[in-house]
Amino acid sequence: VRTLREEMDACDSILAGLHEMLLGFQADLSGLSGDIRQLQDQSRSLAVQVDNRRDAEEGLRLFLERIVVPPNLAHVICRGEVDELFLECVKDLEEKYAYVRTTERNLGEPDCPDPGLGSSAGIPPAETAAGKEMVAHLSKLRLQAVDRTRAHFLKVMKQLRRPKTHVRMIQSHALLKYEYLVDFLLVASPMIHAEIKDVYVESMSKTLYTLFRTYHKQLLLLDMRLATRVDLIAIEEAALRDAFSTKVNMRKRGDAFVLGDRAKVLDGAITGETGGDAATTLTSSPINAHLALMS
């Protein structure tokens with residue numbers, strides 16, 4: 001019994017030690033669970049901060065893209081050739097200029113570039129420090145674009161005034177192709193737009209006057225007078241007979257009573273036939289004087 005008592009006491013001491021050890025483990029686990037909860041809270045906080053910074057970075061990127069002028073855009077407008085790339089750069093410049101001038105007053109306008117102010121954190125771009133700074137730079141670059149555009153169109157007008165110029169090709173390749181630049185001048189500088197319009201009207205009037213005058217002179221060479229005041233109304237038949245025939249050849253008649261091809265006008269048969277005299281041939285298309293003179 002004594003031995004059994006000693007063994008029970010030893011077991012109690014061992015169990016007491018295990019109990020204390022388990023209590024220590026429980027305390028440690030409680031501390032670890034607190035640390036885990038703290039780490040979870042920090043992780044959630046960091047995730048929120050990362051999302052906020054990502055959203056702020058995206059908004060700042062969009063804002064900077066809409067107000068910052070890239071070096072290549074400034075180089076093309078200031079020193080590049082007036083071509084399709086120049087046209088695209090002017091469009092980008094106008095978009096940036098319209099954006100930095102956005103205020104609370106024009107938010108409701110249909111052409112407002114950013115009605116919701118999503119790219120400027122709810123602040124009108126014209127009221128931001130960056131917007132106020134970029135307005136001056138964009139205005140200077142805009143004036144440079146106006147000057148380059150004016151010089152380009154004046155050069156084209158000079159080509160229109162040259163003799164033997166293909167007007168239609170210049171109009172389609174140098175004017176209609178860059179019609180946006182004309183609208184740009186109307187908005188950016190109405191005075192320059194009026195100047196270019198006046199120069200174009202004057203150049204085209206002189207060009208058309210020269211073309212019509214040349215065409216009129218060529219048509220005068222095709223004018224065939226059948227009879228004048230010194231010609232006889234009646235012609236002897238002997239003059240109309242062929243050398244080897246006694247029949248009268250009416251083709252040799254050249255008096256005012258010869259109808260020629262004018263009867264086709266009454267019949268409505270206006271065709272492009274090449275028979276007969278080139279001066280009296282009627283066609284449905286305008287007379288090409290130089291071709292008529294050659295035939």
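**Helical architecture, burial and salt bridges in a predicted model**

Of the 295 residues of the protein chain, 22% count as buried, where buried denotes under 20% relative accessible area, exposed over 50%, and partly exposed the range in between (1.4 Å probe, protein chains only). The structure is a predicted model, in which local features require a pLDDT of at least 70 and side-chain atom pairs count only at pLDDT 80 or more, while totals for chains, interfaces and linings use all residues. Residues are numbered from 1 along each chain as its sequence is written, and side-chain values use heavy atoms, with hydrogens and water left out.

The mean pLDDT of the protein chain is 77, pLDDT being the predictor's confidence in each residue on a scale from 0 to 100. A value of 70 or more is reached by 68% of the residues. In the stretch formed by residues 272-284 the pLDDT is below 50, although the model gives this stretch 23 contacts beyond near neighbours in sequence; a contact means heavy atoms within 4.5 Å. Where pLDDT is low, the predicted coordinates should not be read in detail.

The secondary structure of the protein chain comprises nine helices and zero strands. Both element types are DSSP runs numbered from the N terminus, helices (H or I) having at least four residues and strands (E) at least two. Read from the N terminus, the order of elements is α-α-α-α-α-α-α-α-α. Among contacts between residues at least 6 apart in sequence, 63% join residues at least 24 apart.

Two buried residues illustrate contacts between positions separated in sequence. Met204 is situated in helix H7 (residues 190-221) and counts as buried because its relative accessibility is 10%. With residues up to four places away in sequence excluded, Met204 touches Leu160, Val167 and Gln171. Val167 lies 37 residues from Met204 along the chain, and the C-alpha atoms of these two residues are separated by 8.9 Å. His152 belongs to helix H4 (residues 129-160) and is likewise classed as buried, with a relative accessible area of 15%. Apart from neighbours within four places in sequence, His152 is in contact with Val82, Ala174 and Tyr178.

The cysteines were examined against a distance rule in which a disulfide is a pair of cysteine sulfur atoms within 2.5 Å. By this rule the count is zero disulfides. Cys11 is partly exposed at 44% relative accessible area, whereas Cys89 is buried at 7% relative accessibility.

Helix H1 (residues 2-67) contains Leu15, which is exposed with a relative accessible area of 53%. Leu15 contributes to a nonpolar surface patch of about 620 Å², made together with Ile14, Leu18, Met21, Leu22 and Phe25. Patches consist of residues with over 30% relative accessible area and no salt bridge, like charges being joined within 9 Å and nonpolar side chains (Val, Leu, Ile, Met, Phe, Trp, Tyr) within 5 Å.

Side chains of opposite charge can pair when their charged atoms come close. A salt bridge is defined here as a side-chain nitrogen of Lys or Arg within 4 Å of a carboxyl oxygen of Asp or Glu, and the count by this rule is nine salt bridges. One of these joins Arg54 to Asp51, with the closest N and O atoms 3.1 Å apart. Both residues, Arg54 and Asp51, lie in helix H1 with a spacing of three residues, about one turn of the helix. Arg54 is partly exposed at 47% relative accessibility, and Asp51 is also partly exposed, at 38%.

Glu58, Arg61 and Glu65 are linked in a network of salt bridges. The relative accessibility of Arg61 is 35%, making it partly exposed; Glu58 is partly exposed at 36%, and Glu65 is partly exposed at 45%.

Methods:
Areas by Shrake-Rupley, 256 points an atom, 1.4 Å probe, with all protein chains shown as cover.
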